[in-house]
Amino acid sequence: MKWLLLFLLFWVIRLQALDSLPLHNDEGLHLTRAVEVWNLHPFWEIRDGKIINHWVIALFYPQSSPVFVGRISTLFISLLGLAAGLALLRRVFGSTASLLGGLLWVASPYLFFYERMIFSDAEAGALAILAVWLAVRLADRSTIQRAILTGVALGLAALFKFTALPFAAAIAIIVLASRAPLGQRIRALMVIGVTVAALFSVPIAYLLLRGDDLFSIALGWVSGGGMSTGLAENLTRLWAQLTGFGTLVWTVALGIGLALLLMLRPRRGGFLLVVIAVPLLSILLLGRDVQPRHFVVALPGFLLLGGAGIGLALERWVKSPMARQIATIGIAALLGLGLLPFAQIAYTAPGDLPLPPLMRTQYITEHSAGFGLREAVQAFPVTLTDDLPIIASMFPDSCRRANFYAQDGRLMECTDAPGIDRIQAALAERGAVYVLTETSSIIGVDVTTLDADATRIAGYPRPGETEADAAVVLWRLDAR
């Protein structure tokens, strides 16, 4: 019953106003891939290492209510990871530790933010927790079936996103540290490896048959090329995710809980903490362009163990079951005081969310966030008075995600920025055209430089902008 209440709490908090934040650039890409599944292209552009996360979205038919459908798919996978985490904690530490671990997961504003988006990071992290739980079961009793299940979970996590691959080392540590005979441990690892390889064989064969390179974008994340953040910057970015959401309640609870875990269960708790730390250390040490979302793969395990430490402390020092329940309710209320103000802003005014600076840039103020584009496209039925073509003078990915908000079939034509050739062709053919520009002269076209009469219809400001200086502007161009 306690688990069901926790699942319900997770669902209610995460589901409310799920579409309040505009589609991020990556979300639009994942939705586009999900639609392509219905066009019989299951591996449409997978070089970035996100191979099958869009399949789950495709199951819900993203052509209808795409924003809600895409985001609810992340919630389902995250809920699966939460359930696996609760089972893991109950198996190792008991029911109270399990409940408190789940509460800390639910109360994290960091996870709250990313689990409400169409990102493969949260999904990969959830499936990685599933793999860890299955590996612990395998360590308790080594069988071929359990090894296959562990390999399937690990393979799926990595197929959702390559950042889950470091969990392979964590799984290996769990299996090798078991009390099973050495031969059984080696056999289990071989079965896991073969299972993962089998899962990857299909997309690899697909890329080879098409003559594409093998996941060059994803592998570039750990290569020496391009932008390199380095360990110090990666640690700074991790700290920002722990402290930059307008509350420190969950962060303090996490730190106290991990300390209690090591104090009360130094052997088993310390072992699991080391196992969970391996993927995070991989991100910190090897990541060349670590973004805030990348930590979503690793942090759920820490939250589970931190909550477990608090639960173990309650069992040790609060002997009365009634007093323990009251204490649990009090801790849940305290965690709620940290999360609910943040959640309320996310529901009603997402542009005002207190986020770390880099996250605010990516998800609120810059072109990748989607503010302005959503409002412009949703207003087309009102602002456009005829059936002239609408050219999107912006990056093609921005155009495609904006079109997911289209109503009454008023879709923009997507072309490479700034789209001057397509605009001129439309002017020659129809005599007039609508153009929605984004960040004029930098991304989109400066319409005043075209051989046409430009009429500014409306501006759609991002947070921090006004209508007069909005980065997203709708124009009507008439041929001279």
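Mentor: The largest cavity has a volume of about 100 Å³. A cavity here is a set of points on a 1 Å grid over the protein atoms alone where a 1.4 Å probe fits but cannot get out. Grid points are joined across faces, edges and corners, and a volume is the space filled by probe spheres set on the points.

Trainee: What kind of model is it, and how are residues numbered?

Mentor: This is a predicted model, in which local features need pLDDT of at least 70 and side-chain atom pairs count only at pLDDT 80 or more, while totals for chains, interfaces and linings use all residues. Residues are numbered from 1 along each chain as its sequence is written, and side-chain values use heavy atoms, with hydrogens and water left out.

Trainee: How many cavities of 30 Å³ or more are there?

Mentor: The structure holds three of them.

Trainee: And which residues line the largest cavity?

Mentor: Its lining consists of Leu18, Ser20, Leu21, Arg71, Phe112, Phe113, Arg116, Met117, Phe342, Ala346, Pro350 and Leu353; lining residues have an atom within 4 Å of a point. At least two residues each come from α6 (109–115) and α16. Helices (H or I, at least four residues) and strands (E, at least two) are DSSP runs, numbered from the N terminus.

Trainee: How does that lining divide by class?

Mentor: The largest cavity is lined by nine nonpolar, one polar and two charged residues. Ala, Val, Leu, Ile, Met, Phe, Trp, Tyr, Cys and Pro count as nonpolar, Asp, Glu, Lys and Arg as charged, and the others, Gly among them, as polar.

Trainee: What about the second largest pocket: how much space lies in it?

Mentor: About 470 Å³. A pocket is an open set with protein on both sides within 12 Å along at least five of seven lines.

Trainee: Changing topic, at what angle do α7 and α8 pack?

Mentor: Helix α7 (residues 120–140) and helix α8 (residues 144–160) pack at about 165°, with axes 8 Å apart. Axes are lines fitted to C-alpha atoms over the stretch in contact, and angles run from 0 to 180 degrees between N-to-C directions. The two helices are therefore roughly antiparallel to each other (an angle over 145 degrees).

Trainee: Is that crossing left-handed or right-handed?

Mentor: The crossing of α7 and α8 is left-handed, a term used if the near helix is turned anticlockwise from the far one by less than a right angle, with right-handed used if clockwise. By class, their contact (heavy atoms within 4.5 Å) has 15 nonpolar, two polar and three charged residues.

Trainee: And how do α9 and α14 pack?

Mentor: Helix α9 (residues 167–176) and helix α14 (residues 268–286) pack at about 155°, with their axes 7 Å apart. That makes α9 roughly antiparallel to α14, and their crossing is right-handed. Phe167, Ala169, Ala170, Ile173 and Ile174 of α9 make the contact with Phe271, Val275, Val278 and Pro279 of α14. These residues divide into nine nonpolar, no polar and no charged.

Trainee: Finally, which peptide bond is cis?

Mentor: The bond from Ala417 to Pro418 is cis, with omega near 0°. Pro418 lies in the loop between β2 (413–414) and α21 (420–430).

Note on methods
Parallel < 35°, antiparallel > 145°, perpendicular 65-115°, else oblique.
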